[in-house]
2 protein chains.
Amino acid sequence: MTVIDVFAHVLPPKFLARMDAIHPDILANFPYMKNQLLTDVAQHRASLPADHQQIISAVNLNPEDFVDPEQAADLCRAANDEIAATVRANRDIFPAGVAMLPMNNVPAALAIIDEQVAGSDVLVGVQLFTQAMGEPITAAAYEPIFAKMAAINAPIWLHPVFDMRKPDNNLTFSWEYELTQAMYGIVAAHYFRKYPGLKVIVHHAGAMVPYFSQRIKYIQPAEDYADFQKFYVDTAILGNPLALDLAADFFGSDHVLFGTDSPFGIPPVGPTAVIEQAVNDMTVTTEQKQAIFSGNWQRLLASLG
Amino acid sequence: MTVIDVFAHVLPPKFLARMDAIHPDILANFPYMKNQLLTDVAQHRASLPADHQQIISAVNLNPEDFVDPEQAADLCRAANDEIAATVRANRDIFPAGVAMLPMNNVPAALAIIDEQVAGSDVLVGVQLFTQAMGEPITAAAYEPIFAKMAAINAPIWLHPVFDMRKPDNNLTFSWEYELTQAMYGIVAAHYFRKYPGLKVIVHHAGAMVPYFSQRIKYIQPAEDYADFQKFYVDTAILGNPLALDLAADFFGSDHVLFGTDSPFGIPPVGPTAVIEQAVNDMTVTTEQKQAIFSGNWQRLLASLG
């Protein structure tokens with residue numbers, strides 16, 4: 001049976017070289033980006049179990065944090081072309097990729113979506129982070145991106161970053177809070193009601209939402225609860241079948257997509273084996289497990305423009 | 001079968017009157033404290049289902065936020081006497097209470113523990129909040145309180161408050177992050193290793209820890225994982241039996257204590273019925289459910305000084 005990992009990362013090597021020329025300390029500052037699986041397709045391919053495929057997105061090295069709006073747009077376009085070329089040359093393991101956007105240049109981001117994503121079966125969505133330029137992803141400036149993605153009927157991949165305004169960030173928990181706050185912001189801004197086609201795939205199994213779903217129920221309006229259930233989520237919590245059962249219970253097993261965050265999480269190749277075992281250990285039916293491993297993604301893809 | 005709710009709140013009326021004289025806007029600023037069940041024992045008693053008992057702690061109205069260290073100590077001592085008198089007069093429904101501490105006066109806090117808690121079967125522990133005086137509860141200034149509580153072998157009840165240094169706090173999720181960060185701080189400070197008798201009862205079913213337990217496992221040292229499992233947790237997540245199963249899986253069902261946060265959560269009398277049903281719907285054994293409802297608390301109490 002084919003297993004499709006919807007949240008796996010690469011770092012396009014030409015893009016990295018350009019970023020490294022702009023900011024020579026990048027690999028020193030972000031040592032986890034030195035993982036060869038990010039940049040070397042042959043090693044990446046060798047690390048994949050048989051019958052596994054990945055939807056690839058870039059690691060969180062975002063041009064807008066380093067360069068001006070024009071250059072950020074140029075870097076994103078080129079990186080997207082590079083991801084697309086990697087997909088085309090390795091379609092047996094990378095059925096599709098996810099585009100980057102220059103968040104300091106929203107007009108260019110919208111143009112990139114039109115040019116590189118809309119109608120494409122190679123770059124099938126975009127990745128957004130929980131913050132951009134120090135602002136929540138639900139800041140008004142970024143709303144046109146959500147509107148555009150709903151209009152072209154393509155998903156947003158939602159990935160966490162630290163909020164540097166907050167003290168005491170730690171890798172174990174703070175990203176999970178940031179994902180949750182971004183989901184809260186998306187629901188509070190009524191994006192699911194304003195943009196009915198909106199599809200958001202949330203990393204880390206929907207973060208805090210399943211465990212605290214009944215706080216949503218009793219604290220917020222009933223429509224909010226229904227909106228929180230509209231997110232799609234991956235399985236990237238490093239195991240924990242009971243937690244995945246809880247995610248499937250809240251979002252519906254049809255909104256759970258196998259995803260691992262490889263090659264991060266468990267050195268050196270990522271947590272694919274651990275997460276695959278956890279899905280197999282869930283209490284959902286065999287059919288639901290198969291849907292989580294690939295069918296839900298295929299149905300989501302088939303429903304897109 | 002008796003059900004013992006280990007995390008239920010009152011607001012001692014004489015204490016409230018004194019606080020209201022100091023700061024006349026308190027009830028206007030904190031309207032949820034107007035709930036009559038907090039101050040009126042007769043109404044409180046009438047709201048309790050048959051065979052239900054509660055371990056009572058004060059709502060989070062903390063003198064150190066309003067008055068100087070001397071006055072804070074005086075207010076806490078008097079509030080503790082008032083809680084103790086309520087317990088003594090209503091032992092059939094309130095088998096024990098939890099003391100307040102003046103967090104702007106650590107010497108007085110330590111003296112209060114010695115005088116009002118150590119060896120008492122009426123005030124059997126203290127309540128701490130995730131922050132005090134704008135500092136994390138694991139700030140060095142408060143460490144002697146953890147040391148003292150371990151030394152007298154009495155539990156700490158850990159309750160969340162917002163961290164006002166952080167933007168975008170919301171009632172649905174931010175308290176859960178604060179509980180988690182306090183747990184993280186307690187583990188990171190190695191309090192469970194420095195103070196082996198330490199017992200901490202965490203509100204809201206251990207917050208983010210069970211869902212993200214495997215992030216602890218793969219990101220932090222193995223000893224940290226074992227330390228996180230040393231917390232006791234209540235069941236106050238407003239239902240969600242699958243989430244409670246997950247809590248029991250991580251902390252052990254012997255570390256899960258029925259607790260509701262009544263009379264808050266679900267108006268007007270609190271979520272007792274919803275949470276009792278959720279425990280009954282857990283997949284643990286009948287014996288484990290009985291232990292969650294009362295046996296775990298009774299064993300914990302029996303193990304104390």
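## Basis of the model

This is a predicted model, in which local features need pLDDT of at least 70, side-chain atom pairs count only at pLDDT 80 or more, and totals for chains, interfaces and linings use all residues. Residues are numbered from 1 along each chain as its sequence is written, chains are lettered from A and ligands numbered from 1 in the order in which they are written, and side-chain values use heavy atoms, without hydrogens and water.

## The interface of chain B and chain A

Chain B puts 47 residues into the contact, and chain A puts in 47 residues. Contact here means heavy atoms within 4.5 Å. The two chains bury about 4200 Å² between them. Of that area, 65% is on carbon and sulfur atoms. Buried area is the accessible area (1.4 Å probe) that two parts lose on being put together, summed over both. B:Phe173, B:Tyr211 and B:Arg215 supply 21% of the area that chain B buries against chain A, more than any other three residues.

The polar side of the interface can be counted too. The rule finds 24 residue pairs in polar contact across the interface, both residues at pLDDT 80 or more. A polar contact is a pair of N or O atoms within 3.5 Å; within protein, one must be able to donate a hydrogen and the other to accept it, and residues adjacent in sequence count only if both atoms are side-chain atoms. On the side of chain B that touches chain A, the elements giving two or more residues are α8 (174-188), α10 (213-219) and α12 (241-251) of chain B. Helices (H or I, at least four residues) and strands (E, at least two) are DSSP runs, numbered from the N terminus. α8(B) gives the most to this side, with seven residues. By class, the side has 26 nonpolar, 13 polar and eight charged residues. Nonpolar covers Ala, Val, Leu, Ile, Met, Phe, Trp, Tyr, Cys and Pro; charged covers Asp, Glu, Lys and Arg; the others, Gly among them, are polar.

## Salt bridges between the chains

The structure holds 30 salt bridges over all chains. Four salt bridges cross the interface of chain B and chain A. The rule asks for a side-chain nitrogen of Lys or Arg within 4 Å of a carboxyl oxygen of Asp or Glu.

One of the crossing bridges joins A:Asp168 and B:Arg165 (3.2 Å, N to O). Another joins B:Asp168 and A:Arg165 (3.2 Å, N to O). In this second pair, B:Asp168 sits in the loop between β7 (156-159) and α8 of chain B, and A:Arg165 in the loop between β7 and α8 (174-188) of chain A. B:Asp168 is partly exposed, at a relative accessible area of 44%. A:Arg165 is partly exposed as well, at 38%. Buried means under 20% relative accessible area, exposed over 50%, partly exposed in between (1.4 Å probe, protein chains only).

## Salt bridges within chain B

B:Arg18 forms a salt bridge with B:Asp74, and the closest N and O atoms are 2.5 Å apart. B:Arg18 lies in helix α1 (residues 13-22) and B:Asp74 in helix α5 (residues 69-89) of chain B, so the pair ties together parts that are 56 residues apart in sequence. B:Arg18 is partly exposed at 33% relative accessibility. B:Asp74 is partly exposed at 37%.

B:Arg165 also meets B:Asp163 in a salt bridge (2.8 Å, N to O). B:Arg165 is partly exposed at 39% relative accessibility, whereas B:Asp163 is buried at 1%. Elsewhere, salt bridges that share partners join A:Asp163, A:Arg165, A:Lys166, A:Glu178 and B:Asp168 into one network.

## A polar contact in chain A

A:Asn153 is in the loop between α7 (143-151) and β7 (156-159) of chain A. At 18% relative accessibility, A:Asn153 counts as buried. The side chain of A:Asn153 makes a polar contact with the side chain of A:Lys199 (2.8 Å).

## Aromatic pairs

The whole structure has 29 aromatic pairs over all chains. Rings of Phe, Tyr and Trp (its six-membered ring) pair if their centres lie within 6.5 Å; planes under 30 degrees apart count as stacked, over 60 as edge-to-face and the rest as tilted. A:Phe228 and A:Phe231 form a tilted pair, 6.3 Å centre to centre with 45 degrees between the planes. Both residues are buried.

B:Phe146 and B:Tyr191 are also tilted, at 4.7 Å centre to centre and 45 degrees between the planes. B:Phe146 lies in helix α7 (residues 143-151) and B:Tyr191 in helix α9 (residues 191-194) of chain B, so this pair ties together parts that are 45 residues apart in sequence. B:Phe146 and B:Tyr191 are both buried. Ring pairs also link A:Phe173, B:Tyr184, B:Phe192, B:Phe228 and B:Phe231 into a cluster.
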